[in-house]
Amino acid sequence: MAKILEGIRVFDLTIAAVGPWATKLLGALGADVIKVEAPGGDRLSHAVPPMIKGSSVLYISANHNKRMIELDLKKEADRAIALKIIEKSDIFVQNMRPGAAERLGLSYDIVTAVNPRMIYVAASAYGRTGPMAGEAGIDPTVQCFCGWCSVTGPDHGRGEMFRHLAHLDLTTATTITQAVLQALIARERTGKGQRIEIEMITAAMALQTTRLAEYFATGEQPAPLGSAASTTAPHQAFECEDREYIAIAVEHDGQWPGFCRALKLDELVADTRFATNRLRVANREELVRLLAERFKSKPAAWWTIRLSKEDVPNGPVLRFDELRDHPQVTANAHIVEIDTPHWGRMHVDGLPWQFDATPAGPIRAGGKPGEHTTEVLHELGILDDRPGASK
Amino acid sequence: MSAPGSLDGFRIIDLTQGLCGPFCTMQLGDGGADVIKIEPPNGDYARRMGPPFVGDESAVFLSLNRNKKSVTLDLATDAGRDAVRKLAAKADVVVEDFGPDAASKIGLGYDQLKQINSKLIYCAISPFGEEGPLRDAPGSELVIQAMAEYTASLGRIGDPPVRVGADIASLNTGIFAAQAILAALFHRLRAGEGQRVAVSEFGSLLHMRGIMWSALSDPDDWFGFHLDHYTKPPDYGYQAKDGSFYFILRRGDSEGWDKLIMGLGMEEVLADPRFDDYGRAATSIGRYATEVKPIWEKAFANRSRGELIDLIKGMGGDAVPIMDYPALMAHPQVAALDIVTEVTHPTAGSLKMIRPVARFSDTPNSIRLPPPLLGQHTAELLDAVGILSR
């Protein structure tokens, strides 16, 4: 069956996680992604631990569904090869610091002179203008800059970082993928490529849209609330008799009577203090005091049965060893196990979308730096006349 | 009038409520698509998510529904469902979040709608995915975060779980849903066929944590931030005299390093192997960052964070203050990039919101309509498909 991005080639000049994850998704949609690295690669991608059989897991993970080539763009012969690949490409993605691609002679103007239909993506941490223009940023620095930590932490406690230091990288990446798809649609309709700019801080703020809206509405910094949601209640984790936590939610008023029945607190249905979400949020403290005591009286499994019967959202706090073979995860291929050429069998993220007519994937591991240089140049009919090149 | 957007002329019928679906369709609207938001007679439940409210509308709702027109229809009635079918017949995309099979039961499934619109793109959003034992289970922001183990990277072992403050299960999934729709639209432009696409919140968050699953597969050793963050204490950055900040050293040289260390009066670390390679392993994601943090903080205690940030940047490091929302909004970088924009709403007045993220040179994203009042466009849009709304 045809792939959605069949025949679309990506010149992938990306580093670390932000750019690579974006092009990896394009690869999963069927694009021919050619990842171009300087000899030795960028230090960040290759050095982030843990390593698996000597390769950084970040590098392995962010580069599925690509072919890996090496070019030393500071050398004229290599740059000439790059321009020939660019001529045959549709999408150019780079996430170097503003100015770096220009210094390598791969500015928007140069790239579009070679290939006027090119969609050229420049992603950066802080953009091209302003006092921080050109500064580098990575997930943790963007977390700190963007207020992300100020709304996360124990109930009314100190704001803390999210220690899986990749979420804002990948959020920016998915925004890039989305923008590329938009630009491909535009090009299909107008015939023209264009330039796209994306900053990590803007992507990180857009992901906080609902929380920033609270701030815009009140002028007050929203406090961290532990596991609780700020604008719906009850919507948090409660400790049960067996000391397990159960996450529960009443996100709209339709779920409230069933929730009360599940807890055998039927009298709360008619309690005017809690009749609507608005009132439950306003009277959150009283409500939570009541519920905390109730949840503590029985083990989590009991509440799971009762809440599920009433169709009220609930779930446990899971860990990887419980997730990897969880029937919900395997049935939907949310996490999958693949064989890789260099790193053995490995669990990887499943595809985030399903297409009935044009399935994405399959997910296959990329390769080591430069592994596909000869193959790609040969396939594109590009003569590698660099000294020492294999013919 | 600005240049046309990339999605101008596409019509989206949005049957979703809450956060995820509306965030998806708002992005398509930003791209230029006409988004018709179908709401039940009492409105999208997100209109009641609060306080805070601005006028009668929740701040949450207002932040997720610009560039849409609102039509109220009661899908429990034949007339309501028939109106959706008439609208879908002339649309390019339908988005729903009813859960697996639920749309088909009311005659609004893909197989039913494609009979009247063969090239339709149909996007279904579910909490857990369309297969498996939890396919019909309801989800929520916290339930999905907890089950996708996001709470493992927050808080302290033994303490109550802490969630990510942002609504990531909803919003990150909204991005994937937008991608799926865009990819299907591109395919339709090239191949002429529509199709059904699907995303789930659980699947989306598990995807976003993918580096972790590989890290845990068979690592050479058990360290690195993807692994030992499970057991690390909460990270608050670095405490200076007047506030906290964060920094990472990864482009050092000996001259800058000596200047930094002498400047901070930290000469004793020059003999400490954990600070080798100009401190690369001693900060941020470095292997020894957590254990050597007190050494840095001792040197930072009598210095302002502004002074420290300048010093660190001077040697090629990255350093930023840890900011809350008021500080962020006052920051000149946010102003320089015009990240916050204002929209005038008919009853709530002037609203601040975050602009569309991607900036296109040729087909710009744009904000053309404020979030709609409930049913504001019912008459206009139903009349257009030949239904008398009254």
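**Notes on the predicted model**

1. Burial in chain B. Of the 390 residues that make up chain B, 55% count as buried. This is a predicted model, and the remarks that follow should be read with that in mind.

2. Overall form of chain B. Its secondary structure comes to 17 helices and 14 strands, and the C-alpha atoms of chain B fill a box of roughly 80 × 45 × 45 Å when taken along the principal axes. Among the contacts in chain B with a separation of 6 or more, 70% are accounted for by residues 24 or more positions apart.

3. Helix 1 of chain B. Eleven of the eleven residues of this helix, which covers residues 20–30, are buried, so helix 1 of chain B is largely enclosed by the rest of the structure. The buried residues include C20(B), P22(B), F23(B), M26(B) and L28(B), and also the charged residue D30(B). Helix 1 of chain B is followed by G32(B), whose phi is positive, near 115°.

4. The contact between the chains. Chain B contributes 130 residues to the contact and chain A contributes 136 residues. On the side of chain B that touches chain A, the largest share comes from helix 7 of chain B (residues 168–191), with 17 residues. Sorted by class, that side of chain B has 74 nonpolar, 33 polar and 23 charged residues.

5. Is Y236(B) buried or partly exposed? With 17 other C-beta atoms within 10 Å, Y236(B) is partly exposed, because a residue needs 20 or more such neighbours to count as buried. Leaving aside residues up to four places away in sequence, Y236(B) touches R158(A) and E160(A) of chain A as well as S244(B) of chain B. The C-alpha atoms of Y236(B) and V143(B), which are 93 residues apart along the chain, are separated by 25 Å.

6. Domains of chain A. The domain assignment gives domain 1 of chain A as 9–207 + 327–379, and domain 2 of chain A as 235–316. The centres of domain 1 and domain 2 of chain A, taken over C-alpha atoms, are separated by 42 Å.

Methods:
Residues numbered from 1 in each chain as written. Chains lettered and ligands numbered in written order. Predicted model: local features only at pLDDT ≥ 70, side-chain atom pairs only at ≥ 80, totals over all residues. Buried ≥ 20, exposed ≤ 12 C-beta atoms within 10 Å, placed from the backbone. Helix = DSSP H or I, 4+ residues; strand = E, 2+ residues; numbered from the N terminus. Contact = placed C-beta atoms within 7 Å. Domains from an automatic or database assignment.
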